[in-house]
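This briefing is for a reader new to the structure. Please look over the sequence and the model before reading the points below.

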Amino acid sequence: MPLSVIGVDLGGTNIRAAMVDEDGAVRARSSSPTPNRGSVYELTNAVRELISNIDKSGEPAAIGLALAAVTDPFRNRISESPNLPQLDGYDLPFELGRKTGLPVYLENDATAAAVGEHWLGAGQGFENMICVTMGTGIGGGLILNGRAYYGAEGSAGEIGHICMDENGPPCGCGSNGCLEQYSSGTAIVRIAKEAIERFPASPLHSRFEFTAEDVYSAALDGDKASVQAFEETGRRLGTALAALVNVLNPDGIVIAGGVANSWDLFIDSTKLELQKRAFQQPAERVKIVRGTLGDDAGVLGAAKRAFSGKGFS
Ligand SMILES: [Zn+2]
């Protein structure tokens, strides 16, 4: 039987788990809603149950656990868990390891997505790569010289919290005007609300509340306010990516997450802004591609982390 591990992506809404072989083949998978208001014991048990659903299909050697939290992969510890605050200071790897009898390795979920896309998705072959996950918020992961880059304590890659405007909207991180306030799904709604003031004919004008999906549908129907909201989102992303391209000279940028589904509505503005602002040579070299693994990116990246064990890859 080939060597296999279990990759887990513990998100604020869902927990996903998969048994993965060394070549990336998924042997079994399972998912369930996250008991996000539950105690640490309920959370740990929910993950353990999911694992016991799939671990009969092989003999897993380890568990990789991706988490929407600031993680310290060197100490295998959760440093800060804003989405599931009950995990702050809780030794989840140890407790889960005790219950499953397997070593558990932590990974930040955006880094896991970067590792997953680099291993099996759109990032294959990029020696130096940036992965931006555009969802409710914005996550970021870096692959440098072929390996995940963590920084001193694992918090590297927070692309969503690059400051675009010191006087911009307040951000959950404590700063103002972060990229997350312009290019996330949440931000698109705010930008569209501003844009419909200029376009009273917009079908969104009469709506009290709407979602990023509503803005997307309206944009596809030709609503100018919604089209402009996506263009602004793309432009802001391009400005941030230009800075990263100047700093890191990457081979590729992978854009993933739910907002990437509206690719055609923002990507031209992103590329234009990047070309305008970055140095010519690195701007021409960098390939901008859409993630191909969808929700699997985090699970597969977590599995890769488990294969690397303490050695990292
Ligand atoms: Zn921020």
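Is Cys 131 buried or exposed? Cys 131 is buried, at 0% relative accessibility; buried means under 20% relative accessible area, exposed over 50% and partly exposed in between, with a 1.4 Å probe and protein chains only. This is a predicted model, in which local features need pLDDT of at least 70, side-chain atom pairs count only at pLDDT 80 or more, and totals for chains, interfaces and linings use all residues. Residues are numbered from 1 along each chain as its sequence is written, and side-chain values use heavy atoms, with hydrogens and water left out.

**Cysteines**
- The structure has zero disulfides, a disulfide being a pair of cysteine sulfur atoms within 2.5 Å.
- For Cys 131, the closest cysteine sulfur belongs to Cys 178 and is 19 Å away, too far for a bond.
- Cys 163 is in no disulfide either, and its nearest cysteine sulfur, that of Cys 178, is 6.1 Å away.
- Cys 163 is partly exposed, with a relative accessible area of 38%.

**Helix 5 and helix 7**
- Helix 5 covers residues 185-195 and helix 7 covers residues 224-248; helices (H or I, at least four residues) and strands (E, at least two) are DSSP runs, numbered from the N terminus.
- The two helices pack at an angle of about 130 degrees, and their axes are 8 Å apart; axes are lines fitted to C-alpha atoms, for helices over the stretch in contact, and angles run from 0 to 180 degrees between N-to-C directions.
- Helix 5 and helix 7 are therefore oblique to each other; angles under 35 degrees count as roughly parallel, over 145 as roughly antiparallel, 65 to 115 as roughly perpendicular and the rest as oblique.
- From helix 5, Ile 188, Ile 191, Ala 192 and Ala 195 meet Ala 225, Ala 229, Phe 230, Glu 232 and Thr 233 of helix 7, where contact means heavy atoms within 4.5 Å.

**Loop residues**
- Ala 156 sits in the loop between strand 10 (147-148) and helix 4 (180-183).
- Leaving out residues up to four places away in sequence, Ala 156 touches Tyr 149, Tyr 150 and Gly 151.
- Asn 76, in the loop between strand 5 (70-72) and strand 6 (77-80), has a phi near 55 degrees, a positive value in a residue other than glycine.
- Asn 145 lies in the loop between strand 9 (138-144) and strand 10, and its phi is positive, near 50 degrees.
- Asn 145 counts as exposed, at 58% relative accessibility.
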